[in-house]
Amino acid sequence: MTQLIQGLADDADVLNKYGLTMEEYRLALPGAIEQLRGRQSASVSERKEFLYELLQTLVENGYLARLEKPDYGKDTVYRLTLSGFGDVAIIQKGCPDGAHSSKRWKVPEWARETYLWWLCDSTRYEPGAHVDKGVKRLLGEFLGARPDTLSGVIFHDRLCGSPNRPCPKSRYALQVGERSVPPPCVYVMPDRDSAADAWNWNGEVRRVFPEALLQAFGITPSQASQFIGHIGFQRRQGAIRTTITSRFGPGRATTFRS
């Protein structure tokens, strides 16, 4: 990518299409790169602010007993406390197709459940395609030698429910500041069992946090199963298959298998 950007300085035909000379491009390139870096940093900062504000709203409305604001750095981990259950870790990540977002994480020792929260405002792919790319990376982690396992993953960001990313769950939206935020897409991950040939293939694993999270959006415990998806793996004829089921309400679900 670096060679491509630098190489454009010698491609007069391409630069002419944008009304630039080679000299103008070379002079403008450093400033353009700094401007792009600034935009990316602002975007990351806005995502952090969005998630913290959302989780803080859950505390204020009584759905979480406590929220510990993280030290923003290499990993951004929110420590949530559920009354009568214990602590849940939310690891904030970007779009799930990147290695950092789907492979570079660690389950905290104090967490009873741990979730990756993918904040992905990219419209390059549909949400389901983004999730599929992340699940393919998580499969390698699940089958690998690492000792820790995720309880689930969440796909959600500031664009959900907007004209750029319509959401079928918008009727359950929660008001967070000036934004109307629909419920996130929650997927339960399987438990690791080395002797098994199928892991959560039919969505049999249950978690505590998804139900508590959805209550904040007006979805009752009796309705929660209609909004909680699952991810499963299966060993079949020497190959590993994946299943991803998304649920959007009564009678509304999609399943993708590969």
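Biologist: What share of the 258 residues in the chain is buried?
Modeller: This is a predicted model: local features need pLDDT of at least 70, side-chain atom pairs count only at pLDDT 80 or more, and totals for chains, interfaces and linings use all residues. Residues are numbered from 1 along each chain as its sequence is written, and side-chain values use heavy atoms, with hydrogens and water left out. Buried means under 20% relative accessible area, exposed over 50%, partly exposed in between (1.4 Å probe, protein chains only). Of the 258 residues, the buried share is 44%.

Biologist: How many helices and strands does the chain have?
Modeller: Both are DSSP runs, numbered from the N terminus: helices are H or I with at least four residues, strands are E with at least two. The count is 6 helices and 12 strands.

Biologist: What span does helix H5 reach from its first C-alpha to its last?
Modeller: H5 covers residues 127-143, 17 residues in total. The expected span is 1.5 Å times one less than the number of residues. For H5 that expectation is 24 Å, and the helix comes close to it, reaching 24 Å.

Biologist: Which side chain of opposite charge is nearest to Glu 113?
Modeller: Glu 113 sits in strand S4 (residues 113-118). It is buried yet has no salt bridge; that would take a side-chain nitrogen of Lys or Arg within 4 Å of a carboxyl oxygen of Asp or Glu. Lys and Arg count as positive, Asp and Glu as negative; His and the chain ends are not counted. At 5.3 Å, the nearest opposite charge is Arg 207.

Biologist: With which side chain does the side chain of Glu 113 make a polar contact?
Modeller: A polar contact is a pair of N or O atoms within 3.5 Å; within protein, one must be able to donate a hydrogen and the other to accept it, and residues adjacent in sequence count only if both atoms are side-chain atoms. At 2.6 Å, the partner of Glu 113 is Tyr 115.

Biologist: Is Gln 92 buried or exposed?
Modeller: Gln 92 lies in strand S3 (residues 86-93). Its side chain makes a polar contact with that of Tyr 78 at 2.9 Å. The relative accessible area of Gln 92 is 10%, so the residue is buried.

Biologist: What is the phi of Asn 200?
Modeller: Asn 200 is in the loop between strand S9 (198-199) and helix H6 (209-215). It is buried, with a relative accessible area of 2%. Most residues other than glycine have a negative phi. Asn 200 is not a glycine, yet its phi is positive, about 55°.
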